[in-house]
Amino acid sequence: MSIDGCIAGPNGEMDWMVGLQDDKINKYVNELTESFGTILLGRKMADGFISYWSDVINKPNDPWYALGKKMIEIPKVVFTKTLKKKTKLKRQEGKDMVVYGGASFDSSLIKLGLIDEFLLFINPVAIGNGMTIFKDLNEIQEFNLVKSIAFDSGEVLLHYETRKA
C-alpha cells in the first residue's frame, strides 16, 4: 500500500512497490506464509496472482522462489458473482485464511466486517490516484495496533486487529 492508501495504480499498476528487494521483508513474509491455510482471491485478481507466482517458481534463483512455491501450493478459493454455491469458510478449522484480494473484493469484505486482522505493508511512495481497499466503508471501523516493523527498504508493516464492539 502507498502512504496515501492505494494498493495499485488506477489501472492496477504495481511497479511503484519497493519491498520486493528487501531480504528482511522476504524472510518475514516467508515465515508469515507458514500460518496460511487458504488464500482468498477475487476473480479479477486470481489470474494475475497465479501466473505471477507460477513464473517465479520457474526461476530457482529468484529471491522469492521459496515464497512462490508456498503461494502455489496453498489452496486457493476464488470468489466470483457468477457462481451460486456458498460455503462458510470462516467457521472451518485449520490455519488462517489470507486475502490477497483485488481492491473491490477486499473492499467488500472490509465493509461487511469480515477481516479480523490487517497486515498493511506501507511503501514510502505516494501515487496520488489509485485503487483503495477502504473506499466502500459506510461507518467507522477501529483497529488495535499489534505491531509495526520498519524494513531497510523504507517499507513499514502495520499489523492491526479489528476492534470488536
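## Asparagine 30

The side chains of asparagine 30 and asparagine 26 make a polar contact at 2.7 Å. A polar contact is a pair of N or O atoms within 3.5 Å; within protein, one must be able to donate a hydrogen and the other to accept it, and residues adjacent in sequence count only if both atoms are side-chain atoms. A polar side-chain atom of asparagine 30 also lies 3.3 Å from the backbone nitrogen of leucine 67.

Asparagine 30 counts as buried, because its relative accessibility is 12% (buried is under 20% relative accessible area, exposed over 50%, partly exposed in between; 1.4 Å probe, protein chains only).

## Basis of the model

This is a predicted model: local features need pLDDT of at least 70, side-chain atom pairs count only at pLDDT 80 or more, and totals for chains, interfaces and linings use all residues. Residues are numbered from 1 along each chain as its sequence is written, and side-chain values use heavy atoms, with hydrogens and water left out.

## Salt bridges

The whole structure holds five salt bridges (a side-chain nitrogen of Lys or Arg within 4 Å of a carboxyl oxygen of Asp or Glu). Lysine 59 pairs with aspartate 55, with closest N and O atoms 3.0 Å apart. Lysine 59 is partly exposed at 41%, and aspartate 55 is partly exposed at 38%.

Arginine 163 bridges to glutamate 142, with closest N and O atoms 2.9 Å apart. Relative accessibility is 40% for arginine 163, so this residue is partly exposed. Glutamate 142, at 43%, is partly exposed. Lysine 164 and aspartate 116 form a salt bridge at 3.8 Å, N to O.
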